[in-house]
Amino acid sequence: MAAKILVIHGPNLNLLGKREPDIYGNITIDEINKKLKALAKKKNVTLDVFQSNHEGEIVDKIGKAKNKYKSLLINPAAYTHTSVAIRDAIMATGIPTIEVHLSNIYSREDFRHTSLVASVAKGQISGFGIDSYIYGLEAAIKLAKT
Ligand code: DQA
């Protein structure tokens, strides 16, 4: 059976395309998901995609991921910088996790320079727009297949 990977988009990413296009570009979340699904198909893995604006829903989703998914690709969005709960959920599942960001969080406001998720992720990709997700999924697929 094909390895399963969970993709999580955090808060406000449902607004992509309309939201600060100078920072995040014109691409919509549906277009991102379509590209991710195409890559997954090519690499023979299965993706489940989830977006939520609610911290607890994201925590619940990660909490139920154990034994179901081989790796996790997450853009925690604003929760990157605030959520001990999401960090702890990733730690608790033990699923290898790749953190991605469309923008380069280190070239923006100071409060974005800290990621609470980074220390429990296998790695972080930040600043390449949609390609952050593509590179991130490539990494998540490798982790899922090892
Ligand atoms: C983001 C960066 C975060 O700082 C911000 O809160 C987001 C999106 C990114 O993809 O660049 O919502 O995660």
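**Reading a ligand site, a helix and positive phi values**

User: Where is the place of Ser 103 among the secondary-structure elements?

Analyst: Ser 103 sits in the loop that runs between β4 (97-101) and β5 (123-126). Helices (H or I, at least four residues) and strands (E, at least two) are DSSP runs, numbered from the N terminus. The model is a predicted one, in which local features need pLDDT of at least 70 and side-chain atom pairs count only at pLDDT 80 or more, while totals for chains, interfaces and linings use all residues. Residues are numbered from 1 along each chain as its sequence is written, and side-chain values use heavy atoms, with hydrogens and water left out.

User: Is Ser 103 buried or exposed, and which residues does Ser 103 touch?

Analyst: Buried means under 20% relative accessible area, exposed over 50%, and partly exposed in between (1.4 Å probe, protein chains only). Ser 103 has 8% relative accessibility, so the residue counts as buried. A contact requires heavy atoms within 4.5 Å. Leaving aside residues up to four places away in sequence, Ser 103 touches Ile 23, Tyr 24, Arg 108, Ser 126 and Gly 127. With Arg 108 there is also a polar contact between the two side chains, at 2.9 Å. Such a contact is a pair of N or O atoms within 3.5 Å; within protein, one must be able to donate a hydrogen and the other to accept it, and residues adjacent in sequence count only if both atoms are side-chain atoms.

User: Which residues surround the ligand?

Analyst: A residue counts here if one of its heavy atoms lies within 4 Å of the molecule. The surrounding residues include Arg 19, Tyr 24, Asn 75, His 81, His 101, Leu 102, Ser 103, Arg 108 and Arg 112. A polar side-chain atom of Ser 103 is 2.6 Å from a ligand oxygen atom. For Arg 112, a polar side-chain atom lies 2.8 Å from an oxygen atom of the ligand, and Leu 102 places a polar backbone atom 2.8 Å from a ligand oxygen. The protein covers 99% of the 320 Å² of accessible area that the ligand has on its own, as computed by the Shrake-Rupley method with a 1.4 Å probe.

User: Where do residues other than glycine take a positive phi?

Analyst: Most residues other than glycine have a negative phi. Asn 12, with phi near 75 degrees, lies in the loop between β1 and α1 (21-24) and is partly exposed at 33% relative accessible area. Asn 67 has phi near 70 degrees, belongs to the loop between α3 (55-63) and β3, and counts as exposed at 79% relative accessibility.
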